[in-house]
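Please study the sequence and the structure shown below. The paragraphs that follow lead through selected residues and through the surroundings of the ligand.

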Amino acid sequence: MEDVMGYVHSVETGGTVDGPGLRYIIFMSGCPLRCQYCHNPDTMKMKRGKMTSAYELLKDIATYRSYFEQGGGGITVSGGEPLAQIEFLRVLLWGAKQMGIHTTIDTSGYLGKKADDELLDLVDLVLLDVKSWVPETYKEVTGVDIAPTLDFAKRLQAKGKEVWGRFVLVPGLTDAPENIKGVAKFVGSLDNVSRMDVLPFHKMGEHKWQQLGMSYRLDNTAPPSPEVLQAAKDTFIAEGLNVH
Ligand code: SF4
């Protein structure tokens with residue numbers, strides 16, 4: 001496969017939550033969503049990233065192979081939105097699979113139609129953010145419609161592709177009982193979801209919004225209490241999900 005250039009925000013080695021084992025994480029630039037709680041708003045605009053050769057990145061990834069082999073890790077392509085630069089993603093995934101490295105993509109699923117079956121065949125695990133269930137809430141959170149994400153989730157199920165679901169609990173935004181229950185029921189109905197992360201809202205990215213001169217709408221929102229978070233997790237557990 002030929003080399004492709006892409007806009008990359010940054011890379012991080014030693015990640016432990018974005019897939020199994022130790023991960024080499026590639027944060028791609030560019031995202032069509034505008035999530036209110038985004039903690040990487042500097043990845044939203046593609047051209048803020050650095051033009052990078054997929055082959056150069058693969059050379060760097062190759063130097064970590066022994067770590068992956070020992071710890072059962074691999075690469076996670078995150079963002080931003082990895083599906084926004086599909087040909088760059090294809091070369092990265094292909095190169096990683098050539099080296100026998102486990103591959104994960106971390107996506108909202110909104111651009112799922114861009115991922116053809118050949119690309120999905122290069123992906124071992126999909127981290128799928130289901131940011132809400134009630135369509136109006138989904139739009140309020142992300143600025144876009146929920147339907148493409150649901151279609152992508154169903155397609156991944158039809159392909160038998162392993163998925164870890166993700167949901168961020170934001171008090172006053174995503175915490176309505178019908179919203180939580182809707183996500184839990186939908187994800188619980190899929191038989192290819194091996195794990196569900198229910199994550200508490202946090203403000204770690206707030207300063208980045210300020211630095212970018214963008215207005216941050218959640219400055220008066222506090223993280224959920226441990227009890228409230230546990231209650232949300234229980235809703236997912238009740239749907240038979242392996243909740244973290
Ligand atoms: S999908 Fe991710 S990167 Fe894009 S705006 Fe939402 S949280 Fe930020």
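His-39 is placed in the loop between E2 and E3; helices (H or I, at least four residues) and strands (E, at least two) are DSSP runs, numbered from the N terminus. The model is predicted, so local features need pLDDT of at least 70 and side-chain atom pairs count only at pLDDT 80 or more, while totals for chains, interfaces and linings use all residues. Residues are numbered from 1 along each chain as its sequence is written, and side-chain values use heavy atoms, with hydrogens and water left out.

Is His-39 buried, partly exposed or exposed? His-39 counts as partly exposed because its relative accessibility is 39%; buried means under 20% relative accessible area, exposed means over 50%, and partly exposed lies in between (1.4 Å probe, protein chains only). The C-alpha atoms of His-39 and Val-17 are separated by 15 Å, and the two residues are 22 residues apart along the chain.

Pro-41 also lies in the loop between E2 and strand E3 (50-53). With a relative accessible area of 0%, Pro-41 is buried. Pro-41 and Gln-211 are 170 residues apart in sequence, yet their C-alpha atoms are 10.0 Å apart in space.

The next topic is the largest pocket. On a 1 Å grid over the protein atoms alone, a pocket is an open set of points where a 1.4 Å probe fits, with protein on both sides within 12 Å along at least five of seven lines; lining residues have an atom within 4 Å of a point. The largest pocket holds about 930 Å³ of space, where a volume is the space filled by probe spheres set on the grid points, which are joined across faces, edges and corners. Of the 38 residues that line the largest pocket, His-39, Asn-40, Ser-78, Asp-106 and Arg-166 are the closest to its centre. Elements that each supply at least two residues of this lining include strand E1 (5-15), strand E5 (102-107) and helix H8 (206-211). E8 gives the most, with 4 residues. The lining divides into 14 nonpolar, 13 polar and 11 charged residues; Ala, Val, Leu, Ile, Met, Phe, Trp, Tyr, Cys and Pro count as nonpolar, Asp, Glu, Lys and Arg as charged, and the others, Gly among them, as polar.

Where does the ligand sit? The ligand sits in the largest pocket, which means that more than half of its atoms lie within 2 Å of the grid points of that pocket. Around the ligand are Cys-31, Leu-33, Cys-35, Cys-38, Thr-43, Met-44, Gly-80 and Lys-131; a residue is counted here if one of its heavy atoms lies within 4 Å of the molecule. This shell consists of 5 nonpolar, 2 polar and 1 charged residues.

Gly-80, one of the residues around the ligand, is found in the loop between strand E4 (74-78) and helix H3 (86-98). A cis peptide bond with omega of about 15° joins Gly-79 and Gly-80. In general, most peptide bonds are trans. Glu-81 is found in the loop between E4 and H3, and Glu-81 counts as buried because its relative accessibility is 2%. Glu-81 and Leu-33 are 48 residues apart along the chain, and 8.6 Å separates their C-alpha atoms.

Two helices remain to be considered. Thr-142 lies in helix H5 (residues 135-142) and, at 0% relative accessibility, counts as buried. The side chain of Thr-142 reaches the backbone nitrogen of Val-144 at 3.0 Å. Ala-147 is found in helix H6 (residues 147-159) and is partly exposed, with a relative accessible area of 40%.

Notes. Polar contact = N/O pair within 3.5 Å; in protein donor to acceptor, adjacent residues only side chain to side chain.
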